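Please keep the sequence and the 3D view side by side while you go through this note.

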Amino acid sequence: MTVDPATEVFEEHRPLLMGVAYRMLGRVADAEDVVQDAWLRWSGDDRSDVREPRGYLVRVTTRLAIDRLRRIKARGETYVGPWLPDPYVTDFGDTVADTAERAVLAESVSLAVLVVMETLSPLERAVFVLREAFGYPYADIAAMTGRGEAAVRQLGARARRHVDERRPRYDVDPARRRALTERFLAAAAGGDLAGLMELLAPDVRLVGDSGGKARAPLRVLHGADHVGRFFVGVVGKGVPDADVLLVELNGGPAALVLSGGKPDTVVQLDVDEGRVRTVHVLRNPGKLARLAALR
């Protein structure tokens, strides 16, 4: 099958554009819509003066994502219970060979950082994503956002300070996180409260996102005893025809619980110094539907 050059170029950059849009929005469907709109712009525009397609496409995607995020914030929609970003399948594979670069990309797409980024303005978030996750120079970011370089530097400094002050510290090493996740799942499956308590930090938090569409805590649970007993109680009630897969989501290992072959729950742990600091539990069916392909 022959692919026209415009389509070939766009598809080459699609993973990058999706990465930018998702980090900007934290919502997979909105990110996909932004990337589709970027394709319509790319395919419909006169590209004769486009010397660097990558920069052009990132600029278009960034501006579309800023507009989309402004509309989302303007709607001021209420959400039942705590909100977490949509789970996002990440597989850097051989595309990111450098360990340090891989760690930066993984952290920038983590649930913890994305939650903090929700408190940034759309422009601050754009500058933060382009600078911190993808390493663009401020001059390039200024061109992409239509702002002066001095203003972009101020936005970047303010966003970096804001994120640093609010994001929890945790271990991004995938092997250590995976090992602790496996131990956590084994203890929970066995109803081993004592085993769970050994893994949980005393000040551990459990953040459950159901959107009011499934059973999950409507408030953040605090403390090892509350979190441990919650998991022992949940496992005791059981999930019909359950199966558990270890997958990579948002830059780290996560447990995908299937019920009758359909995504039911995602559990992901933030860990530090060998202890679980935060447990993220996603149960909103609308956010899990896209994970059916991981079965």
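1. **Terms and source.** Helices (H or I, at least four residues) and strands (E, at least two) are DSSP runs, numbered from the N terminus. With that rule, Phe 10 lies in helix α1. This is a predicted model: local features need pLDDT of at least 70, side-chain atom pairs count only at pLDDT 80 or more, and totals for chains, interfaces and linings use all residues. Residues are numbered from 1 along each chain as its sequence is written, and side-chain values use heavy atoms, with hydrogens and water left out.

2. **Overall build.** The chain has 12 helices and 6 strands. Its radius of gyration is 20 Å, close to the 19 Å that the globule rule gives for 295 residues, so the chain is as compact as a globular protein of that length. The radius is taken over C-alpha atoms, and the rule is 2.2 Å times the number of residues to the power 0.38. Along the principal axes, the C-alpha trace spans about 65 × 45 × 40 Å.

3. **Inside and outside.** Buried means under 20% relative accessible area, exposed means over 50%, and partly exposed is in between (1.4 Å probe, protein chains only). Of the 295 residues in the chain, 47% are buried. The chain exposes about 14500 Å². Carbon and sulfur atoms supply 51% of that area. Accessible areas come from the Shrake-Rupley method with a 1.4 Å probe; for residues, only the protein chains shown count as cover.

4. **Contacts along the chain.** Contact means heavy atoms within 4.5 Å. Take the contacts between residues at least 6 apart in sequence: 66% of them join residues at least 24 apart.

5. **Charges.** How many positive and negative side chains does the chain have? There are 42 positive and 42 negative ones. The centres of the two sets lie 6 Å apart. Lys and Arg count as positive, Asp and Glu as negative; His and the chain ends are not counted. Each charge is placed at NZ of Lys, CZ of Arg, CG of Asp or CD of Glu.

6. **The largest core.** A nonpolar core is a set of buried Ala, Val, Leu, Ile, Met, Phe, Trp, Tyr and Cys residues joined through side-chain atoms within 4.5 Å. The largest one has 50 residues, and Met 24 and Met 117 have the most contacts inside it. Several elements give two or more residues to this core, including α1 (5–25), α2 (28–44), α3 (53–75) and α8 (149–166). Which element gives the largest share? That is α1, with 10 residues.

7. **Met 24 and a second core.** Leaving aside neighbours within four places in sequence, Met 24 is in contact with Ala 65, Ile 66, Leu 69, Pro 122, Arg 125, Ala 126 and Val 129. A second, separate core has 19 residues, among them Leu 180, Ala 187, Leu 199 and Ala 255.

8. Is Phe 10 buried or exposed? Phe 10 is buried, at 0% relative accessibility. Not counting residues up to four places away, Phe 10 touches Leu 17, Val 35, Ala 38, Trp 39, Trp 42 and Leu 57. Phe 10 and Pro 53 are 43 residues apart in sequence, but 8.3 Å apart in space, C-alpha to C-alpha. Glu 12 is found in helix α1 too. Glu 12 is exposed, with a relative accessible area of 60%.

9. His 162 lies in helix α8. His 162 is buried, with a relative accessible area of 17%. Beyond residues up to four places away, His 162 touches Val 116, Thr 119 and Leu 120. Met 197 sits in helix α10 (residues 193–199). At 31% relative accessibility, Met 197 counts as partly exposed.

10. **Two positive phi angles.** Asp 241 is not a glycine, yet has a positive phi of about 50°. Asp 241 is in the loop between α11 (224–237) and β3 (242–249), and is exposed at 62% relative accessible area. Asn 250, also a residue other than glycine, has a positive phi near 50°. Asn 250 lies in the loop between β3 and β4 (252–259). At 2% relative accessibility, Asn 250 counts as buried.
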